[in-house]
Structure formats: C-alpha cells, structure tokens
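Please keep the structure in view while reading.

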Amino acid sequence: MSNAEHFETAAGDKISFLQKFIYGLGSFVNSLLGAAIGGMVIVLNLGLGMNPALVGLVSALPRLTDAITDPLVGYISDQTRSRWGRRRPYIFGGAILTGIIFALLWQLPHGQSEDFYFWFFLVGSLVFYFAYTLFATPWVALGYELTPDYHERTRLMAVQNFMGQMAYLVSPWFLWFMQNDGLFDNMVDGAAWLAMIIGAFTIFVGVLPAIFLKEPYLNTIRSDAQDTDTQSFNGGVRGFFEGFLLTIKFKPFLCLCAATFLVFNGFMLVASFQTYVIIYYVFGGDQSLGAEYAGWAGTVSAIATFCIIVVISKISISMGKRKAFFLATGMSVFGYGLKWFCYHPEYPLLLLLPVPFYACGIGSLFTLMGSMIADVCDLDEIETNERREGMFGSIFWWVVKLGMAIALAAGGFLLNATGFDVELGSAQSDDTLFWMRLIDVLVPMVCSTLAIWMIYHYPITEDIAHQVRLKLERRRGKMGIAESSSQT
C-alpha cells in the first residue's frame with residue numbers, strides 16, 4: 001500500500017452537519033468565555049481604579065493552576081464510567097457551573113478597597129477557571145472520539161474552529177456595551193449585566209453537546225492476550241502521574257505541541273508590534289489613523305481566517321494533514337516576509353496585502369491540530385490499550401495557554417529592547433523603527449519555519465492512520481454510538 005493511497009470516508013463514520021454544528025456550539029461558548037474574561041478585565045482598571053499591574057497579576061495567576069487542573073480533569077474524564085458516558089456528565093454540569101460562576105464573578109460591589117477587589121477577583125477567578133475546565137476539557141476530548149475516520153475528523157474540527165472564530169466577531173462590542181451611558185450608570189454595572197447575559201448563554205447553549213451528542217463505546221472485552229503487548233495503568237494518583245508522564249513523552253504528540261506553540265505564539269509574540277509598526281513607521285506616530293488601518297487589518301484577517309478554515313479542510317482531505325500544514329504555514333511565512341516591503345509610509349493601503357497570507361498559519365492551525373491529535377490518540381491506544389483523549393487534549397491546550405502567557409509577557413520586553421519610548425511619540429529613532437520592523441517580521445517567520453520542521457518529523461500519514469485503525473479494530477472491535485441508557 002503506497003503512501004499516496006486515499007481512503008474515502010465510510011457512511012458509518014460520517015457525522016451529520018447538525019451534529020457538527022452542535023459540537024461547534026461548544027467551541028463558540030469556549031471562545032466566548034475566553035474572549036469575555038480577557039476583554040472585561042479592563043473594568044477593574046477603568047471602572048474600579050485598580051492598578052494596571054495588579055490587574056495583570058490577577059489575570060495571570062489563576063491560569064497557573066491550569067497546569068494541575070487541566071490534566072487532572074482530563075484524566076478523571078478518561079477514567080469515568082457512567083451510564084451517560086465519560087464526557088457528557090462533565091460537559092453538562094460544567095456548563096451550568098461555569099455560567100453561574102461567571103455571572104457572579106462580575107457582581108463587583110462599589111466602594112471597596114483595591115485589596116478587596118484584588119482578592120475578590122482572584123478567588124472568584126480560581127473557582128471560575130476550575131468550573132470552566134470541567135466543561136472545556138471533556139468537550140475537547142469528545143471531539144477527538146466522535147469519529148474514527150481520518151478525514152471526517154478534519155471536517156469536524158473545521159466546523160468547530162469556524163464557529164469558535166465567530167465569537168471574536170461579537171467580543172469586540174463588549175466594551176461598547178459595558179460603558180454605554182444610555183443603558184447603565186457606570187461601567188461596573190454594565191459588566192455585571194453583560195456577565196449575566198454571557199452566563200445564561202453559557203448554560204443554555206453549553207449543555208447542548210451533552211444532551212444531543214452520543215459518545216462512542218467499545219463493544220469488546222479485553223483479554224489477557226490482548227494486553228500482553230500493551231502498557232497498563234494503575235488507578236488513582238499513581239495512574240494519573242503515569243499517564244501524564246507517558247503523554248508528555250509521546251513523540252508524535254510532542255511534535256504537535258511544539259508546532260502549535262511555535263505558530264500560535266510566534267503570532268502572539270509580535271501581535272503588539274504590528275500595531276506599533278503601523279502607527280509609528282507607516283503613519284509617523286498618528287495614532288488615530290494608525291489605529292484605523294490596524295482595525296482594517298484585523299477585519300481582513302478575520303474574514304481571511306473564515307475562508308482559510310473552509311479551504312484548508314478540503315486541501316487536507318486531498319493532500320493529507322501534514323502537507324496541508326506545510327502549505328498553510330509556508331504561506332504564512334511568505335506573508336510575514338511580505339510585511340517588510342508592504343509596510344510603507346508612501347503606500348499605506350499595501351499593509352493589507354500580507355494579511356490573507358499570514359492569516360493562513362493561524363487560521364488553519366487548530367483545524368489541523370485537533371484532527372491530528374485524534375490520530376495520535378489512536379496510535380497511543382496501540383501502545384497503552386487506553387483511550388486517553390482527555391489527557392492529550394488537556395495538556396495540548398495547557399501548552400497553548402502557557403505559551404500565550406509567555407508570549408504576551410515577552411512581547412513587552414522585546415518592545416523595550418528596541419529602544420521604543422512612548423513619550424517620544426513620532427520622534428522614535430531610525431534604529432528603533434528598524435528593530436521594531438525586524439522583530440515584527442523575523443520572529444514569526446522563524447517560529448513558523450521551525451514548526452514546519454517539527455511536523456516534518458510527525459509520523460502519522462493517512463496510510464499509517466488507516467493501518468492503526470485496522471489493528472485497533474482487530475484487537476478490540478469497532479467503535480459505535482451507544483444510547484445513553486446502555487452505556488456502562
């Protein structure tokens with residue numbers, strides 16, 4: 001069997017569009033919550049007068065706990081056996097808890113001290129993020145196991161990625177809503193009402209995947225002979241650490257984590273640089289005009305991302321996931337390089353030209369990575385005889401969140417290193433502008449190129465994925481969909 005052979009999706013492996021849409025609703029809720037808590041935190045500074053440094057600290061500290069809670073919830077979800085399945089009880093309960101706690105988190109009392117607001121929001125955020133993990137981690141894992149088909153996984157991830165991106169069309173209006181004088185007396189009251197709206201939406205929409213999607217089951221009983229060539233796990237705390245260590249040492253998974261870290265965080269690292277370069281290099285310090293063009297660049301990027309998600313899923317099905325990644329990420333490298341020539345003071349409209357190219361990398365990333373992690377879970381089952389989608393998904397997304405935090409922190413240090421001084425306004429030195437432009441272009445180009453190199457070493461092709469599936473089905477039978485009443 002050649003590597004070029006293409007396998008069509010069997011009718012029994014297909015997921016209806018309605019099911020994909022329902023799973024995608026979880027992505028919309030997931031993205032909406034992430035965008036909301038990031039965009040609404042400005043209320044602590046502008047509405048309550050908290051020191052910006054403390055706002056940054058109270059925003060970052062709760063995410064450190066994700067290093068423990070994400071894999072722990074993933075492991076618990078993997079080990080759960082109930083009549084409703086492994087994932088659905090947590091998705092259902094997690095959505096309700098998350099919505100309630102998010103609404104309560106923003107009911108900030110007036111007239112309190114800065115210390116009070118700091119500790120109120122810190123403790124509330126810790127509780128919120130744990131509830132959020134109870135919802136999001138099993139929801140992610142459910143997507144990896146809804147179909148065993150190599151290509152149908154990509155179609156599913158394309159739909160959920162598309163719907164997740166739609167949340168970012170809504171979230172930019174949150175600040176306008178909160179500070180609308182015609183609706184609220186102040187921004188704090190606006191945040192309280194917005195949180196209740198988002199919380200209610202989270203509850204009523206977030207539970208839908210748990211209600212309407214059915215989990216697969218394995219219609220097989222493992223025998224001692226089947227387990228002789230596989231690794232077994234102990235239960236409890238020891239089992240958690242054994243599974244965690246095995247996951248972070250699994251080389252195909254590490255390739256995906258490293259590539260995602262590089263592409264996503266290379267993009268995030270220079271996210272602020274792009275705006276500064278537009279304002280201070282292209283428009284000579286004109287913040288109003290620079291912000292307008294930066295806004296247009298963001299709009300073009302959003303439109304391009306939606307288009308890329310659709311296109312990359314089709315390319316992946318015809319070329320394979322690895323080649324689709326090479327193509328999309330290579331286009332982004334070209335786009336980043338194009339910024340050096342298109343960011344020109346005499347031709348400002350040219351700055352929109354690179355946007356669709358560099359959007360290819362970030363736009364295709366989570367469609368392809370989600371599908372590829374599902375393939376990794378199959379390969380892992382060959383070695384461990386366990387389905388561990390929760391552990392893989394939780395560690396992958398924790399790497400993304402950790403990298404984002406590092407990138408946002410490092411971006412400020414890099415900006416300082418260029419010699420940028422906001423008080424100089426349009427009088428930034430030529431050396432400063434040169435280094436700002438160079439970092440804006442070079443860092444994501446290098447990161448994306450390294451990501452291509454990492455996926456070059458990723459071993460799972462369509463042919464290998466097919467062979468893995470056949471071996472698994474010979475060992476433990478085919479995966480099917482069980483009614484909730486018959487799941488054990």
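A crossing of two helices is called left-handed if the near helix is turned anticlockwise from the far one by less than a right angle, and right-handed if the turn is clockwise. With that in mind, and remembering that this is a predicted model, we can begin with helix α1, which passes helix α9 in a left-handed crossing.

**Helix pairs**

Two packed helices are described by the angle between their axes and the distance between the axes.

| Helix pair | Angle between axes | Distance between axes |
|---|---|---|
| α1 (residues 17-40) and α9 (residues 187-206) | about 165° | 10 Å |
| α3 (residues 52-64) and α6 | roughly 25° | within 9 Å |
| α4 and α12 (residues 236-248) | roughly 110° | within 10 Å |

Because angles over 145 degrees count as roughly antiparallel, α1 and α9 are described as roughly antiparallel to each other. On the α1 side, the residues that meet α9 are L25, F28, V29, L32, L33, A36 and M40, and on the α9 side their partners are A191, L194, A195, I198, F201, T202, V205 and G206. Sorted by class, the residues of this contact of α1 with α9 comprise 13 nonpolar and two polar ones, with no charged residue.

For the second pair, the angle falls under 35 degrees, and therefore α3 and α6 are roughly parallel to each other. The crossing in which α3 passes α6 is right-handed. Here α3 contributes L54, L57, V58, L61, P62 and R63 to the contact, while α6 contributes E114, F118, F121, L122, S125, L126 and Y129. The contact of α3 with α6 holds 10 nonpolar residues, one polar residue and two charged residues.

The contact brings P71, L72 and Y75 of α4 together with G236, G239, F240 and F244 of α12. Its residues divide into five nonpolar and two polar, and no charged residue is among them.

**Two helices in detail**

The buried residues of α4 are D66, T69, D70, P71, V73, G74, Y75, S77 and D78.

Helix α5 (residues 88-105) can be treated in the same way: its 18 residues should span 26 Å at 1.5 Å a residue, and the end C-alpha atoms are 25 Å apart, so the two values agree. Among the buried residues of α5 are R88, I91, G94, A95 and T98, and the list goes on with G99, I101, F102, A103 and L105. The buried residues of α5 pack against α1, α6 (114-145), α9 and α10 (208-212).

Is T260 buried or exposed? T260, which is found in helix α13, has a relative accessibility of 1% and therefore counts as buried. If neighbours within four places in sequence are left aside, T260 is in contact with N265, L365, F366, M369, F396 and V400.

F261 is also found in helix α13 (residues 251-269), but with a relative accessibility of 31% F261 counts as partly exposed. Not counting residues up to four places away in sequence, F261 touches G266, V399 and G403. Of these, V399 lies 138 residues from F261 in sequence, although the C-alpha atoms of F261 and V399 are 7.0 Å apart in space.

**Residues in loops**

N385 lies in the loop between α17 (355-384) and α18 (389-417). The relative accessible area of N385 is 4%, so N385 is buried, and its phi is near 60°, a positive value in a residue other than glycine.

G182, in the loop between α8 (174-178) and α9, is exposed, with a relative accessible area of 68%. S429, in the loop between α18 and α19 (430-456), is partly exposed, with a relative accessible area of 36%. The C-alpha atoms of S429 and C257 are separated by 39 Å, and these residues are 172 residues apart along the chain.

Definitions and conventions:
Residues are numbered from 1 along each chain as its sequence is written. This is a predicted model: local features need pLDDT of at least 70, side-chain atom pairs count only at pLDDT 80 or more; totals for chains, interfaces and linings use all residues. Side-chain values use heavy atoms; hydrogens and water are left out. Axes are lines fitted to C-alpha atoms, for helices over the stretch in contact, and angles run from 0 to 180 degrees between N-to-C directions. Helices (H or I, at least four residues) and strands (E, at least two) are DSSP runs, numbered from the N terminus. Angles under 35 degrees count as roughly parallel, over 145 as roughly antiparallel, 65 to 115 as roughly perpendicular and the rest as oblique. Contact means heavy atoms within 4.5 Å. Ala, Val, Leu, Ile, Met, Phe, Trp, Tyr, Cys and Pro count as nonpolar, Asp, Glu, Lys and Arg as charged, and the others, Gly among them, as polar. The expected span of a helix is 1.5 Å times one less than its number of residues. Buried means under 20% relative accessible area, exposed over 50%, partly exposed in between (1.4 Å probe, protein chains only).
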